[in-house]
Amino acid sequence: MPKLKLPRKSTHIDMTAMCDVAFLLLSFFMLATKFKPDEPVVVVTPSSISKTILPDNDIMLITVDTKGRVFFSIDNKNMRKSLIEDMNTYKNLGLNDAEKYKFAIGASIGVPFKQLKSYLDADETQRAEFDKNAVGVPTDTSVNMESNELAAWIRTARNNNPKLRVCIKADGGATYPSVQRIITTLAGWKIFKFNLITNLKATPAGTAAFEAEKATAKAE
Amino acid sequence: MAEIDTSGGGGHKKGGVKKAKKLSTRVDLTPMVDLGFLLITFFIFTTTMSKPKTMEINMPFKDPSQPIPESKVKESTALTILLSKDHRVYYYEGIGSDATKPPKVEVTYFKNPGGIRDVIINKKKSVDALVRSGTLTAKDKTTVLIKPDENSTYEDFVNIIDEMSINGIDVYAIVDISPVDKDFIHLTEAANGAK
């Protein structure tokens, strides 16, 4: 039998094109997205048809998890710094500069004032561990109660920056009373307008909101 | 593409210096591709694409130093919704102010069709009919009172507010549940044989 000789082909593939694609995608993701904010707990928000987008700055975020624990945070690093300064003098927390700095660069706070110092002293991994078992910021029904520490946070934060918009990000499974306590606390400080963070869901067809959307879409 | 043609260097003298070995300038780009995709994966996992959506909510103005104004809600325009455990929704027509005539409390769920949405739509229609017939003036609008019970979840609360915007109910209020309303729930539960 005659030997069939196949021409040897190189198995090398030119990777240049693939490289181009990879970096194109990379640059897209770098530009189009932003980093996920640090969150102490996982919260699954309920859905609504609201399309309003959360503004970028001046946000006071109150997170409530399934167990009803409350976490408090504001977005701006400089504001966090002045907030903790004020809080330190207001509640005599006795924090040093290093702890204040840790607060300024940190994420949500979910500890009572008594534990705040030791919480800020701890390093990152210890804090993450702590957050798992944290009790959350104590809340109550009246702003005048000493036990309502959330009220103190809100008051100090609002004094620092009156433009702060209050956002509540609560888990769908949280009980209503845990959210109600926050709402009454806000009402105690005369905040009657606030935002609830929700996921987007499609407007059901045939309803009033659906018709209104269609009408605006036609007008445009 | 990436390789540079190094052939045809020309200029070599015949039989003179030994020819230098031609080195390929082709670079293996595989590691670079690997790196690129690794970074893409990193960015996909650590970043968010969309900004969170929010829903604005206005609570009724409340001042402890001022007396609570008398409610001006008309019985015929009002619908009271009570949120209870296991995502149950109780509702009745009116505001239940007349203690001698307890309203007929019904139970439903957040489902579609046949859920609370249909109840709201029907209520809206009946109020519209009353406005057309002249019993109510055009100023009267369907008013929904939302009273979440202690054992309802935040999800129910958001869902019901969402139903308001879905059905175009402009006037609604979130009110604390009263003992009377709790009794309504218990009575209905007992009547339906629920636990």
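At roughly what angle do the axes of helix H2 (residues 77–91) of chain A and helix H3 (residues 97–105) of chain A cross? In this predicted model, the two axes come within 8 Å and cross at roughly 140 degrees, and that angle makes H2(A) oblique to H3(A), because only angles over 145 degrees count as roughly antiparallel. The crossing of these two helices is right-handed. On the side of H2(A), the contact is made by A:Lys77, A:Arg80, A:Lys81, A:Ile84 and A:Glu85, while H3(A) contributes A:Lys100, A:Phe103, A:Ala104 and A:Ile105. Sorted by class, the residues of this contact divide into four nonpolar and five charged, with no polar residue among them.

Turning to chain B, we can follow an open sheet of five strands, which has the order S5-S4-S3-S6-S7 and mixed pairing. Strand S5 (106–109) and strand S7 (171–174) stand at the edges of this sheet, and each has a single partner strand, so one side of each is left without a neighbour in the sheet. If direction is ignored, neighbouring strands of the sheet are turned by 25 degrees against each other on average. One pairing to trace in detail is that of strand S4 (residues 88–93) of chain B with S5(B), which runs in the antiparallel sense over four bridges, and here B:Tyr90 stands opposite B:Val107 in S5(B).

The next step is to ask how the two chains meet. In the model, 42 residues of chain B are in contact with 51 residues of chain A. The elements that give two or more residues to the chain B side are helix H1 (30–46), strand S1 (47–48), strand S2 (53–58) and helix H3 (154–166) of chain B, and the largest share, ten residues, comes from H1(B). By class, this side of chain B has 21 nonpolar, 14 polar and seven charged residues. Strands also pair between the chains, for strand S1 (residues 34–35) of chain A and S1(B) pair in the antiparallel sense over two bridges, with A:Lys34 opposite B:Thr48 in S1(B).

Finally, a careful reader will ask about confidence. Chain B averages a pLDDT of 77, and 81% of the residues score at least 70. Within chain B, confidence is lowest in S1(B), at a mean of 78, and highest in H1(B), at 89. Where pLDDT is low, the predicted coordinates should not be read in detail. The model as a whole scores ipTM 0.76 and pTM 0.75.

Definitions and conventions. Residues numbered from 1 in each chain as written. Chains lettered and ligands numbered in written order. Predicted model: local features only at pLDDT ≥ 70, side-chain atom pairs only at ≥ 80, totals over all residues. Contact = placed C-beta atoms within 7 Å. Nonpolar A, V, L, I, M, F, W, Y, C, P; charged D, E, K, R; others polar. Pairing = 2+ DSSP bridges. pLDDT = per-residue confidence, 0-100. Axes fitted to C-alpha atoms, helices over the stretch in contact; angles between N-to-C directions. Parallel < 35°, antiparallel > 145°, perpendicular 65-115°, else oblique. Left-handed = near helix turned anticlockwise from the far one by under 90°.
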